Amino acid sequence: MGGILTLDVFGARRVPFLARRNYRHEMQHILAWGVPVGLVEGNFAAVVVAKTFGGGDVLIDIAATTPVAMNFASLFWGTLAVGRPKLRLFTIAAAGLVILTAGVGAIPANRTGAWLFVAQMAAAQFFLSGVVTLRSGLWKHNYPARSRGSITARVQVARYITRMAAVAAAASLFDLNPTTYRWAYPVMAMIGVLGIALLQRTHVRGERSELARVHRAANGTGGMPGLTRPVPWMKALSPAFVLSGAFRVLREDRRFRGYMVAQMFGGFANLLVRSVLVVVLMKSLLVVMDREYWISSVLLELLPTLVLLYSIGKFAKYFDRVGVIRFRVVQSVWWIAAISLGTAGTLATVYAERIGPYYVVVAVSLFSLFSIARGLCDSGGSLAWNLGHLHFARSEDAEAYMGIHVSLTGLRGLVMPTLGILLWNTIGWWVWMVSIGFGVLALVCFANLEREERVAVRFGESLSGIEAQTVAIGAESVERGACER
């Protein structure tokens, strides 16, 4: 029995000693929590609307776009988190998600039920945005910056695997009998309750002193003021108040503003061609092949996900070594290379007559390489997306910074795929060149940020907004980046 208890199932011995206890509890939590989240994230809700509830195109579109739209709710959660216990607020958001997920079992399998299902999934995704925003705050407190990337990479892998398993199990059940949703959703929600209970054993390190400092600063009795202040619940629900706070942060923190601009350009490059890729594959290339659904699933989902799971640990070590700015510079080069492969694959399809009968082999090979490169980019992106804002935020402002970042992600996610289709129908394959252009702009912006930070560190300039712990790593990362060149 003692031997079993000493098994290091989650690799905790490779985690810094003071972070091990929280790491073990979070890994246990994520294995259960990923089950209900798998039913809420992604496009699974759109499939359920169409197949189980018989919803029309409008409802399917609403279900598919709601997860992106709900990223805007992260501003609310980020504002609300300032000056409040993070684990308690996380628990409220997680409880909201599991209650709404369990409630799906009571929905009738008809058109009315389709509308109710979409509404409940939208509400669940509102709470999920809170979970995402607040989890980065827990990581900030519980894991040291020097190993935060490696630790969160393991958590991310566990989440991906659990989510895929949950979706596969639910899809298999619903294929056998669509009415099994009546008990499948409540059962999976109860597994999520177990996940919430497991997380309660974690201790948010240093939070008590941080909350005291924030409230002293807010009351004018001392403490280091951040760019944000604690606000009442109802005030956090005011869009005007929340947006004014976000604009204030972007106005006063020049480096974070520059990082957000670079992120926007990188997101434009990525999202502009996501829908275009589907159109090229399904309407121009795979229609001449057998098993087009299987091949499209491999190219669009399976291959990038497998590459992500394989490479995220390696990217995490690099992230911890060089810091987010240098990491984003390198990742931007990868994105440009990936989009160039997608461009070549599209050209092979557009000019199939010039290439000859083997154009399908050429195009599929190029799109396979694109999917591999995209998986590598998504792997690194999943780390930088969750942790990058911590490089700029004061400790007490971290969730507010995450809220701004996630909300801007939602904005580009709503606009760019549609713009990409419009450009595809207007200028054809040149839409890929527009995407490459955005990628180059992102690379230039990230490179400028890296150069500014290197100069600031070298000449001892105060890096406003960067945690003291991160400054040391930033200096070390900048010097390493210079040596690598």
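Trainee: Which helices each supply at least two residues of the lining of the second largest pocket?
Mentor: In this predicted model, they are helix 2 (20-40), helix 8 (148-176) and helix 15 (292-322).

Trainee: What volume does that second largest pocket have?
Mentor: The second largest pocket comes out at about 280 Å³. It is lined by 18 residues, and Arg14, Ser150, Ala153, Arg154 and Val157 are the closest to its centre.

Trainee: And what is the lining by class?
Mentor: The lining of the second largest pocket has 13 nonpolar residues, with two polar and three charged ones besides.

Trainee: Switching to packing. At what angle do helix 16 and helix 18 pack?
Mentor: About 160°, and their axes are 8 Å apart. Helix 16 covers residues 324-350 and helix 18 covers residues 359-387. Angles over 145 degrees count as roughly antiparallel, so helix 16 is roughly antiparallel to helix 18.

Trainee: Is that crossing left-handed or right-handed?
Mentor: Helix 16 and helix 18 cross in the left-handed sense. Their contact has 21 nonpolar residues, seven polar and three charged.

Trainee: Aromatics next. How many aromatic pairs are in the whole structure?
Mentor: A search finds 22. One of them is Tyr259 with Phe392, a tilted pair with 4.8 Å centre to centre and 35° between the planes.

Trainee: Where do Tyr259 and Phe392 sit in the chain?
Mentor: Tyr259 is in helix 13 (residues 254-272), while Phe392 is in the loop between helix 18 and helix 19 (398-427). The two are 133 residues apart, and the pair links distant parts of the chain.

Conventions: Residues are numbered from 1 along each chain as its sequence is written. This is a predicted model: local features need pLDDT of at least 70, side-chain atom pairs count only at pLDDT 80 or more; totals for chains, interfaces and linings use all residues. Side-chain values use heavy atoms; hydrogens and water are left out. Axes are lines fitted to C-alpha atoms, for helices over the stretch in contact, and angles run from 0 to 180 degrees between N-to-C directions. Helices (H or I, at least four residues) and strands (E, at least two) are DSSP runs, numbered from the N terminus. Angles under 35 degrees count as roughly parallel, over 145 as roughly antiparallel, 65 to 115 as roughly perpendicular and the rest as oblique. A crossing is left-handed if the near helix is turned anticlockwise from the far one by less than a right angle, and right-handed if clockwise. Ala, Val, Leu, Ile, Met, Phe, Trp, Tyr, Cys and Pro count as nonpolar, Asp, Glu, Lys and Arg as charged, and the others, Gly among them, as polar. On a 1 Å grid over the protein atoms alone, a cavity is a set of points where a 1.4 Å probe fits but cannot get out, and a pocket is an open set with protein on both sides within 12 Å along at least five of seven lines; lining residues have an atom within 4 Å of a point. Grid points are joined across faces, edges and corners, and a volume is the space filled by probe spheres set on the points. Rings of Phe, Tyr and Trp (its six-membered ring) pair if their centres lie within 6.5 Å; planes under 30 degrees apart count as stacked, over 60 as edge-to-face and the rest as tilted.
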